[in-house]
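Visitor: I have not looked at this structure before. Could you show me how to read it, one feature at a time?

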Amino acid sequence: AADAVAIAQRGENPGWVMVQLPFENDAQLVQLVLGLGVDAELLEPQSARGLLLTELDSICRIYGESLE
């Protein structure tokens with residue numbers, strides 16, 4: 001959306017920045033977070049966190065591991 005605005009502020013941990021970004025849907029957000037790897041933490045929404053865990057479990061299974 002053209003009127004979307006990102007909001008950033010310093011995180012609680014040194015070197016981290018908390019960013020709020022608007023997304024069309026959870027899948028789009030999850031793909032961004034997966035691309036950032038361990039350099040990002042998805043805090044909310046809970047629905048996207050659940051989808052992220054599902055995606056991570058699928059990735060782990062490809063490599064013969066499981067999150068369980």
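Guide: Gladly, and let us begin with the surface. The accessible surface of the protein is about 5,700 Å², and carbon and sulfur atoms account for 54% of that. Such areas come from the Shrake-Rupley method with a 1.4 Å probe. Keep in mind that this is a predicted model, in which local features need pLDDT of at least 70 and side-chain atom pairs count only at pLDDT 80 or more, while totals for chains, interfaces and linings use all residues. Residues are numbered from 1 along each chain as its sequence is written, and side-chain values use heavy atoms, with hydrogens and water left out.

Visitor: In what order do the elements of the protein run from the N terminus?

Guide: Helices (H or I, at least four residues) and strands (E, at least two) are DSSP runs, numbered from the N terminus. Here there are two helices and two strands, in the order β-β-α-α.

Visitor: Which residues of helix α1 are buried?

Guide: Buried means under 20% relative accessible area. In α1, residues 26–36, that applies to Leu29, Val30 and Val33. They lie on the same side of α1, because they cover an arc of only 100° around the axis; the arc is that of the directions from the helix axis to the C-beta atoms. As a general idea, an α-helix has 3.6 residues a turn, so residues three or four places apart point the same way.

Visitor: What do the buried residues of α1 pack against?

Guide: Their partner is α2, residues 46–62.

Visitor: What follows α1?

Guide: Gly37 does, with a positive phi near 60°. In the loop between α1 and α2 you will also find Pro45, and the peptide bond to Pro45 from Glu44 is cis, with omega near 5°.

Visitor: How much space lies in the largest pocket?

Guide: Rolling a probe the size of a water molecule over the atoms shows where empty space is left. On a 1 Å grid over the protein atoms alone, a pocket is an open set of points where a 1.4 Å probe fits, with protein on both sides within 12 Å along at least five of seven lines. The largest pocket holds about 800 Å³. Of its 25 lining residues, Met18, Val19, Glu41, Leu42 and Leu43 are the closest to its centre; lining residues have an atom within 4 Å of a point. The largest share of the lining, five residues, comes from α1.

Notes:
Buried < 20%, exposed > 50% of the residue type's maximum accessible area, 1.4 Å probe, protein only. Contact = heavy atoms within 4.5 Å. Points joined across faces, edges and corners; volume = space filled by probe spheres on them.
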